[in-house]
Amino acid sequence: MARDAAAVAEATGIFDALPAGARPFGGRTAELAALRVAAGRPASGRGRLLVLAGRPGSGRTALAVEWARSVAGEYPDGLLYARMSAPDGTRVGAGRAARRLLEQLGERPGLALLPGAAEEDPACEALREALTSRRALLLLDDVRDTGQVWPLLAEKTESVVLATTSGPLTGIEGIDPVILGGLEHRVTLELLSELVGGTRISCDPVGAADLAEACANRPAALRLAAGWLRTEPRLAVTEAAARLRRPPEQVRERSRADGAEQSDTVPVVEGDPLRGAFEPAYRRLPAARARLLRLCTLAPGQQVDLRTASALVGCPAPEAGTHLAALAELELMEREPAAADGTERYRVPGRLYGRLVELRTEIDRPSELELARARLLERLVRLVDSARLLLDPAAGPNPDPLPGPLRLRSAAHAGQWLLGEREQLLTAVADAVGQGDLDGSAGRLVAALLRALPLTGEAAPADLHALHESVLKVAERQRAPRRAAAALLNLAELQAEADRWEQAAERYRRAVELSRGAGDEDGCARALEGVGHCHRALGDPLRAADAYGRALVLRQAVGDPVAEARLLVRLAEAHTALRRFEEALREYRSAAAVLRRTGDAQGEERVAALADRLRRHLGREGFRPLSE
């Protein structure tokens, strides 16, 4: 029987971030034993790595989850999980996966883990270091290449990494993968009996055997066929197997005779049992349910709940929830662990993603798809704004509350939702910015997230960095230099806080150019001051003094006495480092005079103290300023 996260957590108290897993789970006794033997072998070289290889639909993720939960007690620091590929095949970088795994370990990725220009993402090193003192099990799902795994393997650790993949992972020595084929015939029949009903299968053993053979004994195809059979209680198992074996032309003709919907658009590919099992299940769907299934491929990460699904199709939330549950019952959607507030969550299976995108392209008009994406983005904006207003009561009441089933009810609920959906929200931004046709909605979502995430107290600098990068990309695409410069300034400040002064200086310099071209003197002055800070931190006071001096001229021109006094002090410090003591004392006196004019007695006193300290230092070294 499949183990779920709640059962493992209740029985062991161990953190479990794994997917829900397959229910029911059967067979794979030999493979489970092989994984246990492999996990017991001493690590050779860097890290302890197990590899589970199988074609899409072979049940590799379900087997990995089942094994991981069966040995959960041996890994008290948690069962961790990261998807290494998007459903469209895009590989997830090791650094991004490392940040997700660090959060699951309870490590808050700080400024030092910002993406950078280094050959290796610093998050990978941080994860390896965190694992050296822990005993955790990491499941890396759907790995494409060893470049995604190698940076995550820690030396001298009791933790284990289990990678699922569709092919061999070359480049890492000492790997003996566990390879999945089809299920044993006996196990296949037992699984069909549980999924369809024992009487129906036992009454037609020949038909059941034919159905298993038509599905090549692959778990995913069997589950789809079983879901289809459950919707057609009068369909004989033998007839179902025969339909799966028919050539595409006969399938289309029979579909027309049956009056099935969308029959011209779903030819079965001969020799592909997964595709063959999907087609009849899809053809029997009501039009509204089939449309929702196709549009769910537009959701960020292909993960949906009633809030996002209802926005995609433009229907009431309860109706969307009913459709999602029905699709999961048919094995056309996978159940994900529920959200913190109990909201059911689902995911489009990666094995079906390609075919659903084909159907979406054939059936849905481009304008309808764009409208669905726009509705989703605007729904997310309203949800994030609602969360912000709940987390910040001083901001006032929500002028545009969401309908009851969608509503966030309290500050605690809002914080849980924001943190729980953060990955999907960031993915939504990345998807929208990448496609470039909904920049207005994408920009509103970025702005909403930048206001709301810091209110949770757990806004990761890497997330803020990604959001400001999105702002920069959209601003450059729209030729908006002021917005691009503002994004560069925010990115530079994040890099500076992480002590990455060279990267920060490069962004500050680009911001200077853009601000100057746009006639934005305030932005130019702010960027020049940042350049000065970077040169100062890098030990180059001469270039720091030059940048501070140019920023000072601009601040004096716009009449900003506070910034003027601050820059005069910075100039004095740079002159001191260059042993230009006369110039340093002059700048201190000028700063004190500015503060005196503004009535800032405390500031004037602090600057006078700095000047006095410099004089005392010079006296000890035997120097005397010329002005004295």
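**Exercise 1. Which residue in E4 does Leu50 stand opposite? Describe the sheet around this pair.**

Solution. The model is a predicted one, in which local features need pLDDT of at least 70 and side-chain atom pairs count only at pLDDT 80 or more, while totals for chains, interfaces and linings use all residues. Residues are numbered from 1 along each chain as its sequence is written, and side-chain values use heavy atoms, with hydrogens and water left out.

Step 1. Leu50 stands opposite Leu162 in E4. Strands (E, at least two residues) and helices (H or I, at least four residues) are DSSP runs, numbered from the N terminus.

Step 2. Strand E1 (residues 49-53) is joined to strand E4 (residues 160-165) by 5 bridges, and the two run parallel. Within E4, Thr164 is the bridge partner of Leu52. Strands E1 and E5 (residues 178-179) also run parallel, joined by 2 bridges, and Ala53 has Ile179 as its bridge partner in E5.

Step 3. Two strands pair if DSSP finds at least two bridges between them. The order E2-E3-E4-E1-E5 describes an open sheet of 5 strands with parallel pairing. Its edge strands are E2 (79-83) and E5, each of which pairs on one side only.

**Exercise 2. Is strand E1 mostly covered or mostly uncovered? Assign its side chains to their directions.**

Solution. Step 1. A residue is buried under 20% relative accessible area, exposed over 50% and partly exposed in between (1.4 Å probe, protein chains only).

Step 1. Strand E1 is mostly covered, since 5 of its 5 residues are buried.

Step 2. Leu49, Val51 and Ala53 point one way from E1, whereas Leu50 and Leu52 point the other way, and all are buried.

**Exercise 3. How many Å should the 17 residues of helix H22 span? Then find what covers this helix.**

Solution. Step 1. The expected span of a helix is 1.5 Å times one less than its number of residues. The 17 residues of H22 (residues 481-497) should therefore span 24 Å, which agrees with its end C-alpha atoms being 24 Å apart.

Step 1. The buried residues of H22 include Ala484, Leu488, Leu491 and Gln495. Contact means heavy atoms within 4.5 Å, and what covers the buried residues of H22 includes helix H21 (461-477), helix H23 (501-517) and helix H24 (521-537).

Step 2. After H22 comes Asp499, whose phi is positive, near 65 degrees.
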